[in-house]
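This briefing covers a ligand site and a helix pair. The structure comes first, then the points by topic.

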Amino acid sequence: MSAQLILHSGKEKSLLRQHPWIFSGAVAHLEGRARPGDTVDVVAANGRPLARAAWSPSSQIRARVWSFDPEEVVDHAFFKRRVAAAVARREALPELRAQQGLRLIHAESDGLPGVIADRYGDTVVVQLTSAGADKWRAAIVDSLQKATACTQIYDRSDSDVRKLEGLEPTSGWLLGADIEDERVIVENGVRMAVDIVKGHKTGFYLDQRENRRRLAELSAHKRVLNCFCYTGGFSLQALAGGAREVVSVDSSGPALLTAQRNLALNQQLDAVRAVWRDADVFDELRALRAAGELFDIVVLDPPKFAPSAAHVERASRAYKDINASGFRLLAPGGMLMTYSCSGGVGLDVFQQIVAAAARDAGRTARIVQRLQGAADHPVDLAFPEGEYLKGLLVQVD
Ligand code: SAH
């Protein structure tokens with residue numbers, strides 16, 4: 001019999017709204033014994049069974065719900081059903097069907113807390129970030145193999161968030177093996193090398209696929225500045241869209257090398273129009289301003305400045321700083337494409353920051369489009385925390 005996680009009175013409310021996280025403050029006590037990752041029955045103070053969840057004793061998120069049906073058995077077959085359903089949801093969306101690079105499982109928003117799975121061609125890369133996900137590793141890997149018929153599965157569970165769960169980082173081949181760390185995918189007609197072993201996250205920022213396509217549409221004859229370019233995703237799309245010149249900035253030497261190799265993989269693109277700068281974006285934006293440079297489009301896709309709510313204030317200052325600098329570099333009629341992937345900074349707050357940045361820069365600007373993650377990064381309506389990526393396309397006078 002499973003242990004029972006008894007909640008304090010009133011703390012069942014978020015579960016009744018199908019929110020999957022149970023914080024330490026909601027837990028009255030655990031009846032019975034459970035090891036990290038074990039499935040426990042979640043029970044309201046009045047004895048009402050609510051859900052079945054994975055026990056994470058060392059995390060502030062003390063349990064993550066696998067099923068809101070208190071009767072549902074969490075076993076190998078459960079993961080097979082959930083993984084197959086996540087894969088099927090993507091197949092139902094025409095723009096995702098033919099993608100070589102695709103997020104197959106987006107954690108909570110696919111009913112699988114702590115589970116990320118990205119496909120790059122024949123290879124699936126998994127990242128397991130919770131005790132429950134780690135415990136069911138074998139079932140998840142087997143289910144992914146069956147649902148996708150992929151030939152290789154690589155583990156990239158080396159994210160720092162595992163520490164909060166008391167888990168060691170792990171990485172390596174779970175199915176098959178390959179001497180090549182790199183996979184080449186085609187995104188919006190552009191070839192991109194993805195280093196699944198050493199790249200960020202699972203190797204590539206798949207969430208920006210549609211926004212990169214949008215940049216291509218806007219770029220004909222434009223001079224584009226792409227800040228935080230990583231392996232050149234936005235830069236190459238701008239070139240594919242006919243940009244006159246694309247200046248790309250990142251402080252990671254290896255990322256810039258991959259970006260230049262990516263450009264070389266695309267003979268149809270004019271490499272002469274690409275300029276790569278190994279620099280800190282905060283400094284480079286000021287240097288470009290001092291040199292009197294102007295751009296038609298400025299892209300700002302920084303790393304997560306606010307990993308949690310505690311960092312929001314400092315993050316807000318950093319967002320305002322780069323956005324004000326971005327506005328100052330825009331030629332009349334130019335566009336700022338600006339993002340935040342900080343979960344702690346919501347869309348409203350982000351918009352206020354960008355508005356304040358425009359004021360600081362003395363620019364009149366209007367939002368022409370709100371931007372978000374691609375459809376393979378869905379947001380469960382009951383889990384708004386899943387909406388981490390938000391962006392604005394802003395046009396100045
Ligand atoms: N836009 C990219 C993803 C950006 S990830 C894409 O579409 O793939 C964030 C990038 O910011 C990383 O490549 C990291 O090396 C870089 N970075 C982080 N801090 C930086 C800084 N202060 N200056 C320059 N680059 C920075």
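Helices are DSSP runs of H or I with at least four residues, numbered from the N terminus. Axes are lines fitted to C-alpha atoms, for helices over the stretch in contact, and angles run from 0 to 180 degrees between N-to-C directions. The model is predicted: local features need pLDDT of at least 70, side-chain atom pairs count only at pLDDT 80 or more, and totals for chains, interfaces and linings use all residues. Residues are numbered from 1 along each chain as its sequence is written, and side-chain values use heavy atoms, with hydrogens and water left out.

**Helix pair**
- Helix α6 (residues 209–218) and helix α7 (residues 233–240) have axes that come within 7 Å and cross at roughly 35 degrees.
- On the α6 side, the contact (heavy atoms within 4.5 Å) is made by Asn-211, Arg-212, Arg-213, Leu-215 and Ala-216.
- On the α7 side, Gly-233, Phe-234, Gln-237 and Ala-238 take part.
- These contact residues divide into 4 nonpolar, 3 polar and 2 charged; Ala, Val, Leu, Ile, Met, Phe, Trp, Tyr, Cys and Pro count as nonpolar, Asp, Glu, Lys and Arg as charged, and the others, Gly among them, as polar.

**Ligand site**
- The ligand is surrounded by 16 residues, each with a heavy atom within 4 Å of the ligand.
- The closest are Arg-212, Asp-250, Asp-280, Val-281 and Asp-301.
- By class, this shell has 9 nonpolar, 3 polar and 4 charged residues.

**Ligand atom pairs**
- Asp-250 places a polar side-chain atom 2.6 Å from a ligand oxygen atom.
- For Asp-301, a polar side-chain atom lies 2.7 Å from a ligand nitrogen atom.
- Val-281 has a backbone N or O atom 2.9 Å from a nitrogen atom of the ligand.

Key:
A polar contact is a pair of N or O atoms within 3.5 Å; within protein, one must be able to donate a hydrogen and the other to accept it, and residues adjacent in sequence count only if both atoms are side-chain atoms. Helices (H or I, at least four residues) and strands (E, at least two) are DSSP runs, numbered from the N terminus.
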